[in-house]
Structure formats: structure tokens, C-alpha cells
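Work through these exercises with the structure in view. Try each task before reading its solution.

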Amino acid sequence: MSANDVNKSGTVAWQSPSNIALIKYWGKKGFQIPANPSLSITLSSSYSETKIEYKPGAGLVDFYFEEQKNPVFAKKIQAYFEKIKHELHFLTNLDFTIHSQNTFPHSAGIASSASAMSALALCLCSIEQEISENQKIANVDFYSRASYFARIGSGSAARSVYGKLSSWGTSALIPESSDLYATPFQLPIHKVFENFNDTILIVSKGEKKVSSRAGHGLMDGNPFAPARYMQASHNMGKLIMAIETGDLKAFIAIVESEALTLHGMMMASSPGYILMEPNTLEIIKKIQAFREQSGVNLCFTLDAGANVHVLYPGIEGKSVLGFIKNELLDYCEDKKMISDKMGDGPKRIS
Ligand code: DP6
């Protein structure tokens, strides 16, 4: 008798959030192995919802994005399944109809790979559990396995499997950290970080010119890459300390330096490229000036694009939102922003 009963059919669904990195993953060694450890905040209201219906078959994939059949995405998922089918054998013996949607608009310039790939990986692990003879997979193993498969789809997705703060990549400073999957951040967290906000300023809704995948690849020939990987590890140590002690000044310095270095690496690649827009820089300068004048503890970070994430503790909410509305929204495309905050991680839905 085989370990998996592929005569079964069923439906599984997960909602999984996006995340924003404080210490950036930028550069890989080998197959989806990060060149340095990274640490991120899991978001709350920016998430993907994915449902998979499975039935006995031959590994066919039908994919609907926002209720529209999408053969391009279906092909990408099929390619992803090819990479993991030696570990999830049911992928060759079942057919899949996948429905997925995001809470954030597709054209908001927000990278959806973290939420989408983590939701998909969680669904696959639920299917595995449902069809397995031994359904008693411990929770810890379930999530680290989901993180492992999410990572193969998109590195940053590995971290979305956990709420609050999550790290990925082996670090001597983080017990049980791994290059293969993320782990929930279990070191001390000062209460100032318990209710953290992320207001995402949509500077550009357009698709970025250079994909993250290509950007990671360009780190291989970047003469500054070795120094960057060392810096990321040092910054991880400093950030862990700031998170434990509630040192917001140190937190801000590290987080902004990580964002600027990420984009510095892009500019120093060959060929070099710029994903920031003039309005990205306007916003960054305004945030720094406002912080200096008001003493309010807010900072910016960036992912691989033009949008700006404004991070601040819950208690600074009122003054930061006033500042954003009065001074920053004019720099956003169609005055668009998304209010988000640290969240509790993915949820299985029926
Ligand atoms: C700048 O996870 O999108 O957001 O593994 O090739 O899918 P792939 O890359 P991806 O890279 C994310 C890079 C980043 C930083 C981060 O999230 O740590």
C-alpha cells in the first residue's frame, strides 16, 4: 500500500499574509538558499487567499486569479510543482483547480509572491496531511514544512508562514535558524514592538523593470556583495538587541540602512538599475526631516520597488497618519496608501 491515498478528493484553503523585511534577503547561494539571514514583520491585512480543489488525476493544474482563468499563472505553478514533486508525490497523481485572490489590488505595485507562495505551500501541506495515512503531523513540523515549500516558490514567502516577526537563514544568533525554512522569532521582543504599523505608500502601481529573481542573480557579479552579506549579519545582531531593549533609535538606523543598501546593491550591479522613483526620494527625505523636527519614531523601508513602507509603533499612530495625509500622500500615485500592521500569520479557512 502506498503512503498516500491518491484516490481521495477534497478542498483546502488558506489565507496567508505578505511580509516586509527589516533585514533584507538579497542574493542567493545555490538553489533558493539565502546569502544572508533575513528578518521580517508579517503583515495583517495584505494577504492572499488560495483554495485548492484536488481529485484523482495526472498532475494537471487549472488556475483562476480573482475568478479569471489564468493560463500564464497555471504554467508557473506547474513549473513550481515540477521542482517539488519528488518530495510531494501526490502532485503527479492528482489534478488541481486553484483559485487565488489578494486583498491588495494587483496593480498596487506590491510584491504578491510572499503571500501567494506561502498560501499555496500551506494548501499543499494541508493536502498532504489529508491524504496521508499518518495524519498526525505536529504543528511545528507542519509550518516548517510549509515554509520549506514556500521558500522554493519564493524566498521571502518562507517567512510569511509565521505571525509577528520571522527569520530565515542560518544565523549563530538565532537558535534553530535554517537556510531551508523560516522560524518564528523567539528572542525577547520589547513591548514597543508589539503593536507595530506599516503604512504602504504606493508611489508607483506599475510593474517593476527588473524582477527580484533577476536582481538576486545580479548579486553574483556584484563586487560589493561579500561586504553586503557581512553587513547583513552584523545588522541582524544589532537589530536583535534593539528589538529586545526597545531601542527605537537603533532600530530606525538599522532598518533605513538596510533599505538604502538594498537599493545601493541594485545600482552597483552590472548592469546597474534604479527601482526608486523621484517621489520615493521625496518621501524618504520628508520622513527623515519630520523625524528630526518632531522626535516622532517613524522610519521607512523599501522592498524591491518604488513604494515606501512607513514603520512606526502603534502609539505614534495619530501623529504619523496626520503627517502622511498632509505631507506624503501627494507623492503617491492617485494618493494611494495601504494601512497595515504586524499580524498573527496565516489562517486555514473553510
Ligand atoms: C527585496 O523573495 O521576491 O523583498 O526568492 O527570487 O522569489 P525570490 O525573491 P523574493 O525576494 C525578496 C527580496 C526583498 C527582500 C526580502 O523580502 O527579504
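Rings of Phe, Tyr and Trp (its six-membered ring) pair if their centres lie within 6.5 Å; planes under 30 degrees apart count as stacked, over 60 as edge-to-face and the rest as tilted. The model is predicted: local features need pLDDT of at least 70, side-chain atom pairs count only at pLDDT 80 or more, and totals for chains, interfaces and linings use all residues. Residues are numbered from 1 along each chain as its sequence is written, and side-chain values use heavy atoms, without hydrogens and water.

**Exercise 1.** Count the aromatic pairs, then classify the pair of Phe-81 and Phe-96.

*Solution.* The rule gives 15 aromatic pairs. Helices (H or I, at least four residues) and strands (E, at least two) are DSSP runs, numbered from the N terminus. Phe-81 sits in helix α1 (residues 71–84) and Phe-96 in strand β7 (residues 94–102), so the pair ties together parts 15 residues apart in sequence. Finally, check burial. Buried means under 20% relative accessible area, exposed over 50%, partly exposed in between (1.4 Å probe, protein chains only). Phe-81, at 4%, is buried. Phe-96, at 1%, is buried too.

**Exercise 2.** Classify the pair of Phe-193 and Phe-251, and say what it ties together.

*Solution.* The centres of Phe-193 and Phe-251 are 4.8 Å apart, with 45 degrees between the planes, and the pair is tilted. Phe-193 lies in the loop between β9 (182–184) and β10 (196–201), and Phe-251 in helix α6 (residues 248–267), so the pair ties together parts 58 residues apart in sequence. Phe-193 is buried at 3%. Phe-251 is buried at 2%.

**Exercise 3.** Which residues do ring pairs link into a cluster?

*Solution.* Trp-14, Phe-142, Tyr-143 and Tyr-162 are linked this way.

**Exercise 4.** Check the span of helix α5, then find where its buried residues lie.

*Solution.* The expected span of a helix is 1.5 Å times one less than its number of residues. Helix α5 (residues 225–245) has 21 residues and should span 30 Å; its end C-alpha atoms are 30 Å apart, which agrees. Now list buried residues of α5: among them are Ala-225, Tyr-229, Met-236 and Ile-243. Seen down the axis, the buried residues of α5 fall within an arc of 160 degrees, so they line one face of the helix. The arc is that of the directions from the helix axis to the C-beta atoms. On the other side of α5, Pro-226, Met-230, His-234 and Met-241 are exposed. Just after α5, Gly-246 takes a positive phi of about 75 degrees.
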